Amino acid sequence: MRSATWSFNGPKVHFFPDASAQSVDHTNIYSFDVFAADPNILYAGGESGGVWKTSDKGLNWTLLTADVLHGAFGAVKISPQNPDVVFACTSGKIIKTTDGGSTWATVYSENNLWVNELWLHEGNPDLVLAASDKGLLRSTDGGANWSKVFPQNTWTVKNKPGDPNTVWVIRQFGAASDFMVSTDAGSSFFPSNNGWWQPTGTRQVTGAIIAPCPSKPEKIYAYLSGEGTGLGGYIGVFVSEDGGTNWANTHPANTIGQPYLIPSHTNIMDADGVDWFWQGFYDQAIVVNPLNDNELIAGGCSWFRSNDGGKTWF
């Protein structure tokens, strides 16, 4: 991605968490969501600068949380049917607006809660899942009431493209992780770990992201980060061609850990792809080209691109 051209789209104004004054510091964007029916509308959650909204694809931004006591916003999600209905997560709570951010109400709170990702059912946006460090949370009434599907730290939640009742999550399981599947919109889950990477020795999984393939709904990528002997923050990108039933390392030789070499065995968590400067799950991300299931962009401290389904990265 070193040859790509990027431009800054804002927001460029940054306030302290209590909105008492404008800060001259920068802010990191922790979360954002685009309204699918109108991609001009986007909500972004900052590390400390609040939740912002644009209705013109980033040309102008409005701060929405000046009256909300908050910290970093780990997740934000727009209702797929109404851009004025938005959930956001900060400071041990999940908050919701039904008027485009003019007002917010707390719909769930738990001590030291951190939500990694939110999911809303495409056909029934009152059905909400929150992947959090306190487990997988579920609401069937738009956030009025919540249940805990399981208590393990859950990093990511996605649904099968075109089938919102088939939901995929990855949760922590000791030093390892579980890929979990639901066929009833998150009411229940079962593990699907055939070929799934299992740590040994001092190695452990510290984060995971799911990347579905819109052009090939049965195909899923899972990007794992970790710590321990020889990892340097990066475990690998794994792929399933059958909806998560079976898994394989995208690296042709199934190589895990050092030494790293671009492009044949790139440490995509690292700043330059070969060393050990990484920040863990904090900035881990992966996306798939919606028109080509073999084109991916992923990274941690830098972006890397693969044109061959994760076999090589540059």
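Which residues make a nonpolar surface patch of about 270 Å²? In this predicted model, residues are numbered from 1 along each chain as its sequence is written, local features need pLDDT of at least 70, side-chain atom pairs count only at pLDDT 80 or more, and totals for chains, interfaces and linings use all residues. Side-chain values use heavy atoms, with hydrogens and water left out.

The patch is made by Ile-29, Phe-32 and Val-34. Patches consist of residues with over 30% relative accessible area and no salt bridge; like charges are joined within 9 Å, and nonpolar side chains (Val, Leu, Ile, Met, Phe, Trp, Tyr) within 5 Å. Accessible areas come from the Shrake-Rupley method with a 1.4 Å probe, and for residues only the protein chains shown count as cover. Phe-32 is found in strand 3 (residues 29–34); strands (E, at least two residues) are DSSP runs, numbered from the N terminus. With a relative accessible area of 55%, Phe-32 is exposed, where exposed means over 50%, buried under 20%, and partly exposed in between (1.4 Å probe, protein chains only).

Four strands form an open sheet in the order 11-12-13-14, with antiparallel pairing. Its edge strands, which each pair on one side only, are strand 11 (115–120) and strand 14 (147–150). Two strands pair if DSSP finds at least two bridges between them; strand 13 (residues 135–139) and strand 14 are joined by 3 bridges. Arg-138 stands opposite Ser-147 in strand 14.

Ser-240, in strand 21 (residues 234–240), is buried, with a relative accessible area of 0%. Its side chain reaches the backbone nitrogen of Gly-244 at 2.8 Å and the backbone oxygen of Asn-246 at 2.9 Å. By contrast, Ser-102 counts as exposed at 59% relative accessibility and lies in the loop between strand 9 (93–97) and strand 10 (105–109).

The whole structure contains 10 salt bridges, each defined as a side-chain nitrogen of Lys or Arg within 4 Å of a carboxyl oxygen of Asp or Glu. One of them joins Asp-84 and Lys-53 (3.9 Å, N to O). This pair links distant parts of the chain, 31 residues apart, with Asp-84 in strand 8 (residues 82–90) and Lys-53 in strand 5 (residues 51–54). Asp-84 is partly exposed at 31% relative accessibility, whereas Lys-53 is buried at 16%. Another salt bridge is found between Glu-218 and Lys-160 (2.5 Å, N to O). Lys-216, Lys-219, Glu-241 and Asp-293 are linked in a network of salt bridges.

Key
A polar contact is a pair of N or O atoms within 3.5 Å; within protein, one must be able to donate a hydrogen and the other to accept it, and residues adjacent in sequence count only if both atoms are side-chain atoms.
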